[in-house]
Amino acid sequence: PPSTSQRPSPTGYESGPYVRTGHVGTVHALLSRRCRNSYTHAPDEQSSDQIEPEEVHTMLFSIVLFLMFFSIEGIKPVDGLIVICSIAYARQIARTAVDIVRHTPLFALIWFIFFIFYGLSVLVGGLNLSFIVNFALNVIMSLLIISAIRYRVNLSYDIFILSAGYFASAVIATLQLISLVPNFPGQFEVMRDGRFMGLYGDPNILGAFSIFMIIYWFDRLFFEQKRPVIRSFIDIIFLLSSLLQLIYSQSRSSWLGFAISAMVYLVITGINYKSKIVVRVMIALLSIGPIAAVALSVTETGSVIMERIDSFTASSDAEEERFEFYYTRIAIEAAKDHPLGVGPGMASATTGLMSQDGDPIGSHNAYVHVFFENGWVSGACFSMIVLSILVDSVRRSLASRDNILYAYSSFASALVGQVFCGMFQDLIQWKLMWLVPSIFLAATLLQRDRGVLHAHLPSRRRPLTCRGFRKA
């Protein structure tokens with residue numbers, strides 16, 4: 001067992017392959033062969049000043065997670081780091097791919113068929129190289145996240161680093177709005193048409209990802225007991241930042257997606273826990289309304305947000321086109337004539353749909369978009385992949401012993417909201433929309449690697465803690 005002289009950091013977000021007391025890392029460390037072997041090292045070996053390759057890989061992956069929200073036009077800085085980091089984790093990625101094929105052959109087969117018909121759509125239809133490169137980077141990034149989190153054995157720390165980058169990008173963007181920080185070369189607008197885009201460049205995708213951030217940090221803050229004050233403070237900052245970014249993105253699909261996610265989260269909590277807990281969760285969720293009202297009054301942007309809310313019932317031509325799924329219906333009609341697809345990135349060129357600014361407009365539906373561009377079979381496979389991940393996340397969230405350890409309720413609730421957002425947005429090309437499914441798959445592999453854990457159902461759920469657990 002780990003030495004009692006090793007103590008956790010005050011924040012509770014410890015890194016490294018050794019001891020992470022008071023968190024899921026402790027359970028992982030006790031059950032991980034790699035970590036158990038590391039405890040047998042002599043003290044002088046552990047305190048060596050020599051930097052191990054694993055430490056370099058860990059640092060590189062943390063940088064990738066942190067820079068995920070910093071985007072510029074053209075080739076993004078994080079793209080090159082993803083490639084470099086994937087090379088560093090090549091062996092782990094290969095093992096993870098083999099394990100996925102071995103443990104979930106049907107899931108792997110669906111992905112294989114999807115890639116086959118994706119390639120056929122390139123041969124039969126047109127070719128937009130930037131879309132193909134971006135899609136390939138997204139797939140590589142997903143495998144990298146699954147493999148790195150699995151072998152680093154520190155899920156909560158990796159999500160913390162991702163959240164830190166999410167928060168830092170919002171702070172920098174806010175400072176740019178008040179001219180305290182200069183814009184970066186090639187940077188997207190921070191604010192467009194009154195909508196906050198941060199440093200990422202798209203308010204709808206930023207809002208959709210904020211759903212996960214809000215649910216995850218709410219879950220940690222509300223249910224985890226005996227937490228240091230500084231850690232509670234950090235969690236509150238992340239939660240408020242996520243809520244504000246969702247509000248000011250003015251993404252109507254994300255607002256609706258969050259409302260659905262909150263209801264799913266409440267239902268999951270009600271199924272797993274006592275009625276008293278459900279009432280407390282409901283009160284806490286309802287408190288989001290007053291917090292939002294205060295934020296709007298302080299920043300004097302309430303009228304802008306209200307105009308956006310009123311647009312749900314607006315009668316303008318542009319709004320009618322959106323709410324009547326005009327672009328989606330056009331794509332469906334065009335897809336009927338292209339069973340093998342029109343090719344990645346060729347939807348706008350085929351339909352001729354353009355915005356008032358001359359930007360190409362896709363299907364405004366992630367699932368129809370894949371059917372249209374990559375063919376009927378690829379569209380069916382993509383829908384099956386999304387549905388299988390969603391069903392698995394909900395199933396695991398209702399298994400209390402798994403839910404306590406990995407906070408599956410956060411993943412399930414957020415995935416439901418993001419899947420809903422996919423009905424209005426083209427998601428497959430955006431890296432942020434690959435993050436939550438990738439982290440969830442990494443959690444499932446961690447659970448498989450560490451064995452089955454049993455726990456008595458506590459009166460209050462404590463996600464990512466080890467109290468009450470025993471080895472099967």
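This report walks through the fold, the nonpolar cores, the aromatic rings and the salt bridges of one predicted protein model.

## Ground rules

Because the model is predicted, local features need pLDDT of at least 70 and side-chain atom pairs count only at pLDDT 80 or more, while totals for chains, interfaces and linings use all residues. Residues are numbered from 1 along each chain as its sequence is written, and side-chain values use heavy atoms, with hydrogens and water left out.

## The chain as a whole

Let's start with the overall picture. The protein chain has 23 helices and 4 strands; these are DSSP runs numbered from the N terminus, with helices (H or I) of at least four residues and strands (E) of at least two. Of its 472 residues, 51% count as buried. Here buried means under 20% relative accessible area, exposed means over 50%, and partly exposed lies in between (1.4 Å probe, protein chains only).

The accessible surface of the protein chain is about 21,500 Å², and carbon and sulfur atoms hold 66% of that surface. Accessible areas come from the Shrake-Rupley method with a 1.4 Å probe, and for residues only the protein chains shown count as cover. As for contacts (heavy atoms within 4.5 Å), 75% of those with a separation of 6 or more involve residues 24 or more positions apart.

## Nonpolar cores

A nonpolar core is a set of buried Ala, Val, Leu, Ile, Met, Phe, Trp, Tyr and Cys residues joined through side-chain atoms within 4.5 Å. The largest one holds 97 residues, and the members that touch the most others are Phe61, Met68, Phe114, Phe209, Phe411 and Leu432. Helix H10 (residues 203-223) gives the most to this core, with 14 residues. Apart from it lies another core, of 7 residues, including Ala331, Ala335, Val342 and Phe372.

Leaving aside neighbours within four places in sequence, Phe61 is in contact with Cys85, Tyr89, Leu144, Ile145, Ala148, Ile149, Arg152 and Asp158. Asp158 sits in helix H9 (residues 155-177) and counts as buried because its relative accessibility is 1%. Not counting residues up to four places away in sequence, Asp158 touches Phe61, Leu65, Ile149 and Arg152.

## Aromatic rings

A pair of aromatic rings is described by the distance of the centres and the angle of the planes. Rings of Phe, Tyr and Trp (its six-membered ring) pair if their centres lie within 6.5 Å; planes under 30 degrees apart count as stacked, over 60 as edge-to-face and the rest as tilted. A search of the whole structure finds 29 aromatic pairs. In one of them, the rings of Phe114 and Tyr118 have centres 6.0 Å apart and planes at 40°, so this pair is tilted.

Phe114 and Tyr118 are 4 residues apart in helix H7 (residues 105-124), so about one helical turn separates them. Phe114 is buried at 0% relative accessibility, and Tyr118 is buried too, at 8%. Elsewhere, one aromatic cluster includes Phe69, Phe160, Tyr166, Phe209, Trp217, Phe411 and Phe440.

## Salt bridges

Side chains of opposite charge can pair when their charged atoms come close. With a salt bridge taken as a side-chain nitrogen of Lys or Arg within 4 Å of a carboxyl oxygen of Asp or Glu, the count comes to 7. The side chains of Asp79 and Lys431 form one, at 3.0 Å from N to O. Asp79 lies in helix H5 (residues 77-88) and Lys431 in the loop between helix H22 (408-421) and helix H23 (432-450), so the pair ties together parts 352 residues apart in sequence. Both Asp79 and Lys431 are buried.

Asp99 and Arg102 also meet in a salt bridge, at 2.8 Å from N to O. They both lie in helix H6 (residues 90-103), 3 residues apart, about one turn of the helix. Asp99 is buried at 10% relative accessibility, whereas Arg102 is exposed at 57%. Another salt bridge joins the side chains of Glu189 and Arg192 (3.1 Å, N to O); Glu189 is partly exposed at 42%, and Arg192 is partly exposed at 36%. Salt bridges that share partners join Asp99, Arg102 and Arg150 into one network.
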